[in-house]
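Subject: Structure for your review

Dear colleague,

Please find the structure below, together with its sequence. A short account of what was found follows it.

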Amino acid sequence: MATTNTLPFDQMPGWVWFNGKLVSNPDAMIHVLTHGLHYASAVFEGERAYNGVIFKSNEHSERLKRSAYILDFEIPFSVEEINAAKDLVIEKNSLPNAYIRAISWRGSEQLGVSAMNNKIHLAIACWEWPSYFDPAQRAKGIRLCLADFRRPDPRTAPALAKASCLYGICTIEKHRAERLGYADAMMLDWQGRVAECTGANMFFIKDGKIHTPTPDCFLDGITRQTVIELAKRRNIEVIERRIMPEELSSFSECFITGTAAEVTAVSEIADWRFTPGAITNQLAQDYTAETLAKKDKAAAA
Ligand code: PMP
């Protein structure tokens, strides 16, 4: 993971927005008997600011609220308040190009499976994070292995929320991938279909058309939705469908999308090979342009 942070996250200088107040980063602490820690009753967002403007900030705040509803809690701040808090955090930290992390969790009033009386907290932090993957590897296309764990059946987990409880298997798979020298892992879903990576959605290209798995048991990423719109603007057909791993040999290009990963070409998934090509490069460029265009729109408003 490429990051410019050299200090542990809890020792970084700067400010965190914590339940409506700005506190210095090392003071943004919670108690060990926090429900969110014991039972993963937490939802979060990962966002990026480009030249001082958070890309799709409103969509991320709405998804945060929606994820909380799925986990049966309500964040005590409106979408507008969350948007303003995120803007304040990047401004106060003087980080116009930043990764922003908003997290909401159940507090420490009660500790057991039931959490009816727990306070709901919201914190927003930001830091500098230029590229999710090693830039040299990214230029050639990253290498993925095949994960053992599968994305869960949506009847067994809150699969469509960006919920902390879903990331246990992602961390295990990311570690396994990194130990084997891969950048990340491709996860199948509970039915054995191609699903996504540990923190990014997947796209494949065949005969000038884009194929991507239907997000019925994993996150329909905001970057994914943006890239689909960008492809359609260029009259590239996008087919959302069930994709089985046996089909991977028929695709020429592959790329992944996510707020952190942006648009990143893939050169290998286990024994399958891909050559980053014209469509991947075009969409990566279009995505960069789209993230920067927002600044002009915001300035004009
Ligand atoms: N899937 C998972 C598991 C993720 O963690 C992410 C990153 N949030 C994505 C997909 C991509 O989502 P987005 O484009 O909204 O960042």
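The chain divides into domain 1 (9-127) and domain 2 (135-293), with bounds that come from an automatic or database domain assignment. The contact between them (heavy atoms within 4.5 Å) takes 20 residues from domain 1 and 21 residues from domain 2. The C-alpha centres of the two domains are 26 Å apart.

This is a predicted model, in which local features need pLDDT of at least 70 and side-chain atom pairs count only at pLDDT 80 or more, whereas totals for chains, interfaces and linings use all residues. Residues are numbered from 1 along each chain as its sequence is written, and side-chain values use heavy atoms, with hydrogens and water left out.

Domain 1 and domain 2 bury about 1,700 Å² between them, 64% of it on carbon and sulfur atoms; buried area is the accessible area (1.4 Å probe) that two parts lose on being put together, summed over both.

Across this interface the rule finds 1 salt bridge (a side-chain nitrogen of Lys or Arg within 4 Å of a carboxyl oxygen of Asp or Glu). Arg48 forms a salt bridge with Glu262, and their closest N and O atoms are 3.8 Å apart.

On the side of domain 1 that touches domain 2, two or more residues each come from strand E3 (42-50), helix H2 (57-70) and strand E5 (98-106); helices (H or I, at least four residues) and strands (E, at least two) are DSSP runs, numbered from the N terminus. E3 gives the largest share of that side, 8 residues.

With kind regards
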